[in-house]
Amino acid sequence: MNRSGIKDALQLGASDTNYPPDSLSKFGLGLKSAAFSQGEQLEVVSSEGNDPFAKYVVSLPEIRERREYGAVQEELSPNDCELIRNYLPERRGTIIRITEVRTKNHPSIRATFRELQQKLGIIYYYMMPALRIYLVDKEGGKTQCEPYDVLFAEEADRNGDLNEFEWDGQTTRWIQRQREITLDPADNVKARIEVTQLPYPPIFENPAEIRKKYNISAGNYGFYVYRNKRLLSWAESFEIITQDQDFYAFRGRILIDSSADEVFNIDVKKSQLHLSEEAHRALSDGSDHFKRKSKKAWKSASEERLRRLNEDSLGQANDIASEIELPEELPGELPDPDKYEEIDRRRKSVSEKQKTRLKDLAKEMAEEIPEFPEIETESNGEFTEEQLQTVVTAEGATINDRIFMVSITEDNVLWEPFYYSNQDCVRINKFHRFSRLIYEDNKDNGTLTVFLNLLLLHMSAAEFYVIQSNSRFKQEQIESILAEYRRVVTDYLAHLCREYSQLLPSDS
């Protein structure tokens, strides 16, 4: 700028006619308000190349003293000349300097540099690398700001569109590739919009690292509005994207030019946007689909994480169970050789009843679960090991497992003792209210689920022990009493969860 240009730049307010099309300016207040929000003095040194550099200074203390706004021309200082040599070797350009910077309640220089480096990359994303911005520390170390895409569009291009029902939470996906929308049909005001779904941090081993990489937090989800390719507003909700953790991975970008200034009702600071009624309706209608996909995807990833946690805790419990050998006799019980024959008879009886139960389960599953494969026995009427395993687990567990999470148990009880692969096992009803309380509402507490799994396994094994070892009562009587006991415990726990859920602790 020449002297006249500097004076125009330092005026308070400016006519729209002073700005060319696609200008970043609008009200003529940005330079002054930004500078004085940080320091007491604004200095502008500039030349358009034909004339020597000129310097003007606006000082807030002097304005307060003379009670009048104005700028004063000053001679170039040695520091000014050094900056010109270092940064404007072609002898044209502008240097803006803010001095007497306020330090009270201000973040540290290191924190300020770190935040500036990222935010400048976001603000001027579309202008880089043609626009080069450097941060220089006190020792002269220079760091160039790199463009930062808040949507991580390149990752979305590689990974494709979001399928909210199958997304595993580990990749960035497109919810909406860039397209044009009409904000105001009467004035034919248009914008371009694009939306991505960022990864789901809890699914990773180091969630904090993912949150940091993708800037995933309460203040960073929503729409990033760019006016003439410079960021105008950060993570706007427009009262469309509500405050909800399920939207943390939602990133939208709206690209507008100067023609949309009126429908966005841009304020003087260009920091608050207020959509016109027509624009809000258009954006809200268009975003409804994006919101549903994003929220469903976040919840699906959460369910996938829960499944993995449950699998991990279930696997851990089964690993422990595989090392456990249950005692054939309890402490204090006197050896009785005469009872072993009855124990063997009852053990065989239990085994035969379990095989019958397998067949009943297969029929029940075929009726309850359409996609469950029909189980057919071999020609001799016996099940293969693979068929037995399919019926027992319905989850693809291994033959060595002893604890199974299943969707169907007899009479919908919480747990069901099972004798399988010559060992005592347990089938746990994952859809019972108490199971949901443990495995969903306390999903981060793997220790709790491991102990519950082992508790139910031992309760099941104890039932078999009582059936086989207590010859004082008939086997059928014991089985009937224990089955009734399981039913009553199951109903009691369901009542607890249903009537007193507000009193129960939860991790979620």
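Helices (H or I, at least four residues) and strands (E, at least two) are DSSP runs, numbered from the N terminus. The model is predicted: local features need pLDDT of at least 70, side-chain atom pairs count only at pLDDT 80 or more, and totals for chains, interfaces and linings use all residues. Residues are numbered from 1 along each chain as its sequence is written, and side-chain values use heavy atoms, with hydrogens and water left out.

Ser233 is found in strand 10. Its relative accessibility is 3%, so Ser233 counts as buried. Buried means under 20% relative accessible area, exposed means over 50%, and partly exposed lies in between (1.4 Å probe, protein chains only). The side chain of Ser233 makes a polar contact of 2.8 Å with the side chain of Glu236. A polar contact is a pair of N or O atoms within 3.5 Å; within protein, one must be able to donate a hydrogen and the other to accept it, and residues adjacent in sequence count only if both atoms are side-chain atoms.

**View B. Glu194 sits in strand 8 among residues from elsewhere in the chain.**
Strand 8 spans residues 189-197 and holds Glu194. Is Glu194 buried or exposed? Glu194 is buried, because its relative accessible area is 5%. Its side chain joins that of Gln178 through a polar contact of 3.4 Å. Contact in general means heavy atoms within 4.5 Å. Not counting residues up to four places away in sequence, Glu194 touches Tyr126, Leu151, Trp174, Gln176, Arg177, Gln178, Arg251, Gly252 and Arg253. Arg251 is 57 residues from Glu194 along the chain, yet their C-alpha atoms are separated by 8.4 Å.

Helix 5 covers residues 109-123, 15 residues in total. From first C-alpha to last, helix 5 reaches 20 Å, close to the 21 Å expected at 1.5 Å a residue. That expected span is 1.5 Å times one less than the number of residues. Which residues of helix 5 are buried? They are Thr112, Leu120, Gly121 and Ile122. The buried residues of helix 5 pack against strand 5 (134-136), strand 9 (222-227) and strand 10 (230-236).

The bond from Met128 to Pro129 is cis, with omega near 5°. Pro129 belongs to the loop between helix 5 and strand 5.

**View E. Two loop residues have positive phi.**
Arg91 lies in the loop between helix 4 (78-87) and strand 4 (93-101). Phi of Arg91 is near 65°, a positive value in a residue other than glycine. Arg91 counts as partly exposed because its relative accessibility is 48%. Glu239 lies in the loop between strand 10 and strand 11 (250-256). Phi of Glu239 is near 60°, again positive in a residue other than glycine. Glu239 has a relative accessible area of 73%, so Glu239 is exposed.

**View F. Phe238 belongs to the largest nonpolar core.**
A nonpolar core is a set of buried Ala, Val, Leu, Ile, Met, Phe, Trp, Tyr and Cys residues joined through side-chain atoms within 4.5 Å. The largest has 51 residues, and those with the most contacts inside it are Phe238, Ile254, Phe264 and Leu283. Helix 9 (residues 277-322) gives the most to this core, with six residues. Leaving aside neighbours within four places in sequence, Phe238 is in contact with Phe223, Val225, Ile254, Phe264, Leu273, Leu275, His280 and Leu283. A second, separate core of 20 residues includes Ile403, Trp415, Val426 and Phe434.

The structure holds 11 aromatic pairs. Rings of Phe, Tyr and Trp (its six-membered ring) pair if their centres lie within 6.5 Å; planes under 30 degrees apart count as stacked, over 60 as edge-to-face and the rest as tilted. Phe223 is buried, with a relative accessible area of 0%. Phe250 counts as buried, also at 0% relative accessibility. Ring pairs also link Tyr200, Tyr221, Tyr248 and Trp298 into a cluster.
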